[in-house]
Amino acid sequence: MTLPSSALRTAAGHIGRRRFLTAGATAALAFAVDLPGSAHAVELKAKEITENPFTLGVASGDPQPGSVVLWTRIAPRPYEPGSGLPRAPLSVGWEVAHDELFTRVAQSGTVIADPEFDHSVHLELNGLENDWVYYFRFRVGEWISPVGRTRTAPALSADIRELRLAAVSCQAYYDGYFTAYRHLAEEDLDVVFHLGDYLYEYAVTGVGGYRNYTDRQLPALFNRETLTLEDYRLRYALYKSDPDLMAAHAAHPFVLTWDDHETENNYAGEDPENSVPSEEFLLRRAAAYRAYWENQPLRTPQLPVGADMQLYRRLHFGQLAQFDVLDTRQYRSDQAYGDGWHAPGPESDDPSRTMTGATQERWLIDGWRDSSALWNVVPQQVPFAERRDRPTADYLVSMDDWDGYPASRNRILDGAEAAGVENLMVLSGDAHRAHACDIKRDYQAPDARAVGAEIVATSVSSGRDGADQPANWNDLMLANPHLKFYNGRRGYTTVTLGTRQARADFKTLSHVTTPGSPIATTASFVTEVGSPGITPA
């Protein structure tokens, strides 16, 4: 069945919330390109914008040598479908300067915000200085955006001595305030890695769930699960209108990867959580992927084509660090034993099972073979090291984590060993708990050497206030001797990579269900160059 381009564009923007969809409707969104500029020739005039168009702030991301992506989205009325704009392109001015007052402008120009991409802007700047701080802003008519601060990466050959990063994950709007981001905005950092669950698909009540607003009422359109492109776009508007999140994006460049909730809980490849027709889920996945790209500072190679999007990619920070950003959702095998926590067995141990897909696995290992970096860091979604739930023979492990894909994990570690990777660090999220642990090949042999270090960042808000010692703290610490730290508060982790060691500082909040929590460094750990594993600082 061949649909005309006009029908594809119409379906991509306006397909309804039906439970069962025709094959033609699925094709219309999941496999249409919907190119900007193909439907609308008349440009919207800036003077027609009578309300602040920069309600979602600004962001930057994916720094490269002499290059960075700048982002904004034009949204005068962000909580309405279409954001209060007609479906017409709009010219947006931009400036990049060496100083916050813009007295020394480095580059400037205009860019088109297309309605097909919900009037988002992805400006890929080149020709900047390497390893340099810049300030940027956008303009529409008389409206000027907040000022953002960003930084380019050093030259690949640069001999840099230190890199400061933060790892964050899991920010359910309805579980609490994004106070962690207000503190993160004040940190001295080079880059922030977001490890997934930037958005949750679940309904948000009029009082913002556990935020329990008394000064506002959120529109009813947020009080439903996200299914369509319009749903996802509106949910991003809700999340991105949070002032603490906006502050963090304005302060630092972000490198992002998704987990499951940006689409649907615990989906695996083309397999949804629930028993819905595959064409229906692919339609939903296409909508979720499209909205994700529209709302994040991502480059053109990450632009989705229907229900597919290559999010895994590689970044370099001189000779100090190589970052291989993974996607462990889009290509994975379905969870063994129906998901959940289960005893390992033949199904989970099946050597054909994969967390990354064969192509991404080869890409990762080939990249290690070519790496000349001192640190090889893998930002990805779910806990990598083994996590037994109890210190007895009837233990269970999570089928959604790498424990449910042990053959895939072993192939990754085999590849690292074959490539001669000496300083391996894995950054993980998803658990809503902070972990520091050794990565080993044999977790039950007391004298087994560590082959790397894993830092699991706790959640920004998911899980609400939490506790320093969750209910399962004793069982997990006894069952997993390689687990050196386990904390259930909200917050984030900063990591300083140096030429002799890496240091991880776990930052936690006392509460998120009410605003204004102070932040504290709860624990610090180091891993030495040439000596994999992690020890208290």
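## The seven-stranded sheet

In this predicted model, 7 strands form an open sheet. Their order is β12-β13-β15-β17-β19-β18-β20, and the pairing is mixed. Strands β12 (313–317) and β20 (483–487) are the edges, and each pairs on one side only. On average, neighbouring strands of this sheet are turned by 20° against each other, direction ignored.

Within the sheet, β15 (residues 375–379) and β17 (residues 424–428) run parallel. They are joined by 4 bridges. Here N376 stands opposite L424 in β17.

## A helix across the sheet

Helix α8 (residues 358–370) lies across four of these strands: β12, β13 (321–325), β15 and β17. Its direction is at about 175° to β13.

## The β2–β5 pair

Strand β2 (residues 67–73) runs antiparallel to β5, and 6 bridges join the two. Across this pair, T72 faces V121 in β5 as its opposite residue.

Is β5 enclosed or open to the outside, and how many of its residues are buried? Strand β5 (residues 120–125) has 5 of its 6 residues buried, so the rest of the structure largely encloses it. In a regular strand, side chains alternate between the two faces of the sheet.

## Helix α6

Helix α6 covers residues 278–294, which is 17 residues. At 1.5 Å a residue, α6 should span 24 Å.

Burial is counted at under 20% relative accessible area. By that cut-off, 15 of the 17 residues of α6 are buried, so the helix is largely enclosed by the rest of the structure.

Conventions. Residues numbered from 1 in each chain as written. Predicted model: local features only at pLDDT ≥ 70, side-chain atom pairs only at ≥ 80, totals over all residues. Heavy atoms only, no water. Expected span 1.5 Å × (residues − 1). Buried < 20%, exposed > 50% of the residue type's maximum accessible area, 1.4 Å probe, protein only. Pairing = 2+ DSSP bridges. Axes fitted to C-alpha atoms, helices over the stretch in contact; angles between N-to-C directions. Contact = heavy atoms within 4.5 Å.
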